Structures are given as structure tokens and as C-alpha cells.
Amino acid sequence: MIVRIWRGWTTPENADAYESIVSTRVLPAIAERQLPGYHGAYLLRRPLAEGEVEFSTVMLFDSLDAVREFIGPDYEVAHVPDEARAVLARFDERSAHYDTLLTPEATRPA
């Protein structure tokens, strides 16, 4: 399993708008593509002391080939639609990808 992690930052005033855009349009549009090897995403939010709100998306894929099917050959490039960019103050231009070594299921007592 490949975990794709990306972060973006916005102002407190724009945080609810960004959350709405991603949760009602961006992530559902990705799911509607029914990409082989895509297993959904988490949307995370936290306020920062610097007067910003940080968001992270954590997406789950079977393989880097599945990530390439989602985003293209340059699989690290961030997927940030224009309407999301409009309310972000800044964001990671590239996503990070991790091999999953342990899952919650694997660490539960038998």
C-alpha cells in the first residue's frame, strides 16, 4: 500500500471554504473516477498558533502505478484544483509517498 500525503495552509477565514471544496467536490470527483488501486482519502485539519489552518490529505493506493493513473507520470506533483488554490495561502507543490510497513490491523492483539 502506498500512502500519498499532501499539505496546504489557509487563513482561519478561508478554512471552512477550503474544507467544503475538498470534502464536497475534490475528493468525491476523484472517487467518481473509480481508479483501479485507489482506496480513498482522509482529510485532516488543525489550527496553528501562527494564525493559519493546516490541512493534510492522506490518500491510499495499491501501488505507484495506481498513483500515476491518478495524477500522471510525474506522480509527485500536487493535485490542487483552481477553486482550492483560490482559498489557500500556500501549499506543498509536491506530494510525499510512503510504503506502508504496518497497519492498525497488523498491530492489534490476536
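**Reading the model**

Reply: The label comes from cut-offs on relative accessible area (buried under 20%, exposed over 50%, partly exposed in between, with a 1.4 Å probe and protein chains only). This is a predicted model, where local features need pLDDT of at least 70 and side-chain atom pairs count only at pLDDT 80 or more, while totals for chains, interfaces and linings use all residues. Residues are numbered from 1 along each chain as its sequence is written, and side-chain values use heavy atoms, with hydrogens and water left out.

Me: What share of the 110 residues in the protein chain is buried?

Reply: Buried residues make up 38% of them. The C-alpha trace spans about 45 × 35 × 20 Å along its principal axes.

Me: How many helices and strands does the protein chain have?

Reply: There are 4 helices and 5 strands. They are DSSP runs, numbered from the N terminus (helices: H or I, at least four residues; strands: E, at least two). Follow the sequence and the pattern reads β-α-β-β-α-α-β-β-α.

Me: Back to Arg45. Which residue forms a salt bridge with Arg45?

Reply: First the general idea. Side chains of opposite charge can pair when their charged atoms come close. The cut-off here is a side-chain nitrogen of Lys or Arg within 4 Å of a carboxyl oxygen of Asp or Glu. Now the case: Arg45 pairs with Asp16, and the closest N and O atoms are 3.0 Å apart. Asp16 belongs to helix α1 and Arg45 to strand β2 (residues 38-47), so this bridge ties together parts 29 residues apart in sequence. Asp16 is exposed, at 52% relative accessibility.

Me: How many salt bridges does the structure hold?

Reply: It holds 10. One of them joins the side chains of Asp92 and Arg7, at 3.4 Å from N to O. Asp92 sits in the loop between β4 and β5 (96-99), and Arg7 in strand β1, so the pair ties together parts that are 85 residues apart in sequence. Arg7 is partly exposed, with a relative accessible area of 33%. Asp92 and Arg7 also belong to a network of salt bridges that links them with Arg46 and Glu54.

Me: What separates Arg68 and Asp65 in helix α2?

Reply: About one helical turn, because they are 3 residues apart in that helix (residues 64-71). Arg68 is partly exposed, with a relative accessible area of 33%. Asp65 is exposed, at 55%.

Me: Now the rings. How many aromatic pairs are there?

Reply: The structure holds 4. A pair of aromatic rings is described by the distance of the centres and the angle of the planes. Rings of Phe, Tyr and Trp (its six-membered ring) pair if their centres lie within 6.5 Å; planes under 30 degrees apart count as stacked, over 60 as edge-to-face and the rest as tilted. Take Trp6 and Phe91: their pair is tilted, with 6.2 Å centre to centre and 40° between the planes. Trp6 lies in strand β1 and Phe91 in strand β4 (residues 90-91), so the pair ties together parts that are 85 residues apart in sequence.

Me: Are Trp6 and Phe91 buried or exposed?

Reply: Trp6 is buried, with a relative accessible area of 5%. Phe91 counts as buried too, at 18% relative accessibility.

Me: Which residues form an aromatic cluster?

Reply: Tyr38, Phe61 and Phe70 form one.

Me: Where does the charged end of Arg90 sit?

Reply: Over the ring of Trp9, 4.1 Å from its centre. A charge sits over a ring if NZ of Lys or CZ of Arg is within 6 Å of the ring centre and within 35 degrees of the ring normal.

Me: One backbone feature to finish. What is phi of Gln34?

Reply: Phi is near 50°, a positive value in a residue other than glycine. Look for Gln34 in the loop between α1 and β2. At 69% relative accessibility, Gln34 counts as exposed.
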